[in-house]
Amino acid sequence: MTKLTELTLCEARDGLVKKQFSAKELTQTHLQKMEETRSLNAYITETPEVALKMAAASDEKLAKNEELRPLEGLPIGIKDLFCTKNIRTTAASKILDGYKPLYESTVTQNLWDAGAVLLGKLNLDEFAMGSSNLTSAYGPVVSPWKIKGDNRQFVPGGSSGGSVAAVAVGSALATTGTDTGGSIRQPAAFSGIVGLKPTYGRCSRYGIVAFASSLDQAGPLTKDVRDAALMLKIMAGYDPKDATSVNIPVPDYEKMLSGNIKNLKVGIPKEYRVEGLNPEIENLWSQGIEWLKNAGAEIQEISLPHTKYALPTYYILAPAEASSNLARYDGVRFGLRTSGKTLDELYELTRAEGFGREVKRRIMIGTYVLSAGYYDAYYLKAQKIRRLIRQDFEEAFKKVDVILTPTTPTAAFAIGEEPKDPVTMYMNDVLTVPANLAGIPGISIPASFTEEGLPLGLQILGPTFEEARILNVGYVLEQAAQFKEKALKLRTSI
Amino acid sequence: MTIDIKTVHKISRLARIKIEEESLESLKTDLNHILGWVEQLSEVNTSNIQPLYSMALDNMPRREDQITDGNYPEAILANAPEAEFGMFVVPKVVE
């Protein structure tokens, strides 16, 4: 029998129903894996007691043959950006030192209501600001992927670095992430798993530590497309506590995975052949086009003319919103406090000590672009270009049903070999950021490897609220790519 | 537009983040690098384009203007670094 930590979420669900194992066994095996793989630094907080208690409750339900909840007894991990009641929540920042929320985020509440089991809280870039997981105050996450005969450690991507590492290594069946500029899709591509960023408004943001509120969106990180469909159905939904969440029904995504994409129109945006796009990724993109063609899709070149402006636009808007959102960390209401003689000094010293370098840099940029005299030139200008970017997509989706692109311009880089200047680092998100600015859904599917053996992903973008469609195209790609089978041959064990 | 040390000081003051003297120069370099890079946006013609602040503003749901939450000061204060008599404690402010 397959090891329990190698099962997908859906396989584990079916195994529990058939009583092949108990929720307790399933949880214990994952807790053990979590212990064995501590060197990856994927978890900030482990919650074994909570996990075993939740698993026992599920076993009781399973024993009684009651009608089971959709995630009954399935152990998952939560990005440490979601508030969990009475469980430490850090956002990977020193400034939230000791913070224990007294309320639960809506997305995690939805998961517990569906019977899921909490294994722990997962590492991330500080306040989700980063593409490498190197900015965490709790240290970097190490990718489970290695190159044969090479001792270097690689980044898992970010900001949801712990979330992807845990799924890739099998210390959680599935995890949650958040995506503001690519923080679900980019690390999913780097780590060889599936990552879905839903439409803005599909999942409630209530109880998620805010980074850039007009861009942030929660989504699942999973071993395959079917698992993503199952997780999203539970995570999504209208929430009166989040005025930006949208009140339209959540379909049964899993049932809609037909694998049929005959005559589906797939757009290939010429502007995504960006500078610095790795040739191996270009080849993969062509391969992806072939796969979809073979499945009966029609391929069309399209134009998204403002693509090159998306990243600089994002690096005005996201820091601007962050500088405003992070004003709440003042040393008065929660978290770290550094004493000062005056109230202003208390603020300045607390924030100097509590925030890391990248967070400070972004708050400073945000403060500058919002300050008197510069607001129109930077912030207002960027919001206008944001509209042009959304219009590009609206025009494109009049002609095509989905858009296929690579997820990242390169594969993962080694820890210590990361770009030293911030702008080069930001380029990691050049292919993912436009979807956040336009509010549309996107999914990254593990599709191939570099010659050295590091994973690469393909991204599918769809019109708003067409998650079922991009999942279905992802399902087709997954079957064509046979990534898992190839990975088994390549994977160096940890 | 390039920013000088005086401006870095001013931004750090507005952001309420104390920056150590020895970090000012490298922060200035980083900020100028980022601002120089976003400068390319000025080449886009945006006359007659309305800014897009959020996806959600078109169809936000409305609700009755009623109080539906609150009345738990203990929970609000539970994470405060310093609290007394049901209030947050801060250094004395006299203006």
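Reply: Let us begin with accessibility: a residue is buried when its relative accessible area is under 20%, exposed when it is over 50%, and partly exposed in between (1.4 Å probe, protein chains only). By this rule A:E46 is partly exposed, because its relative accessible area is 27%. This is a predicted model, in which local features need pLDDT of at least 70 and side-chain atom pairs count only at pLDDT 80 or more, while totals for chains, interfaces and linings use all residues. Residues are numbered from 1 along each chain as its sequence is written, chains are lettered from A and ligands numbered from 1 in the order in which they are written, and side-chain values use heavy atoms, with hydrogens and water left out.

Me: With which residue does A:E46 form a salt bridge?

Reply: A salt bridge is a side-chain nitrogen of Lys or Arg within 4 Å of a carboxyl oxygen of Asp or Glu. The partner of A:E46 is A:R38, and the closest N and O atoms of this pair are 2.8 Å apart. A:R38 is partly exposed, because its relative accessible area is 48%.

Me: How many salt bridges lie across the interface of chain A and chain B?

Reply: The rule finds six across that interface. One joins the side chains of B:D30 and A:R357, at 3.3 Å from N to O.

Me: How is the size of an interface expressed?

Reply: It is often given as the accessible area lost when the parts come together. Buried area, accordingly, is the accessible area (1.4 Å probe) that two parts lose on being put together, summed over both. Between chain A and chain B it is about 5,300 Å², and carbon and sulfur atoms give 70% of it. A:E348, A:M364 and A:Y368 supply 13% of the area that chain A buries against chain B, more than any other three residues.

Me: How many residues does each chain bring to the contact?

Reply: Contact means heavy atoms within 4.5 Å. Chain A brings 68 residues and chain B brings 50 residues. A polar contact is a pair of N or O atoms within 3.5 Å; within protein, one must be able to donate a hydrogen and the other to accept it, and residues adjacent in sequence count only if both atoms are side-chain atoms. Between the two chains, 20 residue pairs are in polar contact, with both residues at pLDDT 80 or more.

Me: Which elements of chain A give two or more residues to the side that touches chain B?

Reply: Helices (H or I, at least four residues) and strands (E, at least two) are DSSP runs, numbered from the N terminus. The elements in question include helix 9 (307-325), helix 11 (357-370) and helix 12 (375-399) of chain A. Helix 12 of chain A gives the largest share, 13 residues.

Me: Which residues have the most contacts inside the largest nonpolar core?

Reply: A nonpolar core is a set of buried Ala, Val, Leu, Ile, Met, Phe, Trp, Tyr and Cys residues joined through side-chain atoms within 4.5 Å. The largest one has 175 residues, and those with the most contacts inside it are A:L71, A:L111, A:F127, A:F393 and A:L404. Helix 9 of chain A gives the most to this core, with ten residues. Among the residues that A:L111 contacts, its neighbours within four places in sequence aside, are A:L71, A:I76 and A:M231.

Me: Is A:D80 buried or exposed?

Reply: A:D80 counts as buried, because its relative accessibility is 0%. Its place is in the loop between strand 2 (75-79) and helix 4 (106-113) of chain A. A polar contact of 2.7 Å joins its side chain to that of A:T90.

Me: Where is A:T222 found?

Reply: A:T222 is found in strand 6 (residues 218-222) of chain A. A:T222 is buried, because its relative accessibility is 0%. A polar atom of its side chain lies 2.9 Å from the backbone oxygen of A:D224.
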